[in-house]
Amino acid sequence: MARQRLARRLPQLYIGLLLYGLAGALQVRSRLGLDPWDVFHQGLAGHLGLAIGTVVVIVGAGVLLFWIPLRQWPGLGTVSNVVLIGLSMNWSLSLLPHTGPMVWRIVEMTVGVLLCGVATGMYIGAGLGPGPRDGLMTGFAARGHSLRVVRTCIEATVLLAGWLLGGTV
């Protein structure tokens, strides 16, 4: 029984993570704005001369270091998240055409946002560990801080840093 559940959950996890990378790539390609973490990733990528997906992997691994004092433990889904979303984003960006007309850019953004929701539900629903950024948030919240305040502070910080680095808000 447990083996059957795992046989369903692993593909759900990996498909969700790959789709999340595609969703992020669609939003980047639209040039209409990004979520706070991707604003940060994009700004940092511009300064480091690296692909945004590569920066997603590096930042994800770096965020895991903050888990140590919070006594958070990564799961298979956490480690897979660090690697696969960034790789999928880079791969997707290499395949997606560069677009121009505003109507197509709006379609890319809309599909990217909707796909992000589906992908998030898939990889979190697999129950194999939170993403590194979510684990950071829940780690602080587990120490007695308001989840709402922690999430807002983290997201506002990375959004501001990303904007200052030149990311698309």
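The lining of the largest pocket in this predicted model comprises 8 nonpolar, 4 polar and 6 charged residues. In this classification Ala, Val, Leu, Ile, Met, Phe, Trp, Tyr, Cys and Pro count as nonpolar, Asp, Glu, Lys and Arg as charged, and the others, Gly among them, as polar. The volume of the largest pocket is about 330 Å³. Of the 18 residues that line the largest pocket, Y20, D35, W37, Y123 and R133 are the closest to its centre. Two or more lining residues come from each of α2, α4 (76–95), α5 (102–125), α6 (132–141) and α7. The largest share, 4 residues, is given by α2.

Some terms need explanation. Pockets and cavities are found on a 1 Å grid over the protein atoms alone: a cavity is a set of points where a 1.4 Å probe fits but cannot get out, whereas a pocket is an open set with protein on both sides within 12 Å along at least five of seven lines, and lining residues have an atom within 4 Å of a point. Grid points are joined across faces, edges and corners, and a volume is the space filled by probe spheres set on the points. Helices (H or I, at least four residues) and strands (E, at least two) are DSSP runs, numbered from the N terminus. Residues are numbered from 1 along each chain as its sequence is written.

The largest cavity has a volume of about 40 Å³, and W37, R133, D134, M137, R151, I154 and E155 line it. Helices α6 and α7 are the elements that give two or more residues to this lining. Its residues divide into 3 nonpolar, no polar and 4 charged.

The packing of helix pairs is considered next. Axes are lines fitted to C-alpha atoms, for helices over the stretch in contact, and angles run from 0 to 180 degrees between N-to-C directions. Angles under 35 degrees count as roughly parallel, over 145 as roughly antiparallel, 65 to 115 as roughly perpendicular and the rest as oblique. A crossing is left-handed if the near helix is turned anticlockwise from the far one by less than a right angle, and right-handed if clockwise. Contact means heavy atoms within 4.5 Å.

| α2 and α7 | 9 nonpolar, 2 polar, 1 charged |

Helix α2 (residues 36–48) packs against helix α7 (residues 147–164) at an angle of about 30 degrees, with their axes 7 Å apart. Helix α2 is therefore roughly parallel to α7. Their crossing is left-handed. From α2 the contact involves P36, W37, V39, F40 and G43, and from α7 it involves I154, E155, V158, L159, A161, G162 and W163.

The axes of helix α1 (residues 2–30) and α5 cross at roughly 160 degrees and come within 7 Å. These two helices are therefore roughly antiparallel, and α1 passes α5 in a left-handed crossing.

For α3 and α4, the axes come within 7 Å and cross at roughly 165 degrees, so α3 is roughly antiparallel to α4. This crossing is right-handed. Among the residues that meet are I52, G53 and T54 in α3 and T78, V82 and V83 in α4.

Technical notes: This is a predicted model: local features need pLDDT of at least 70, side-chain atom pairs count only at pLDDT 80 or more; totals for chains, interfaces and linings use all residues. Side-chain values use heavy atoms; hydrogens and water are left out.
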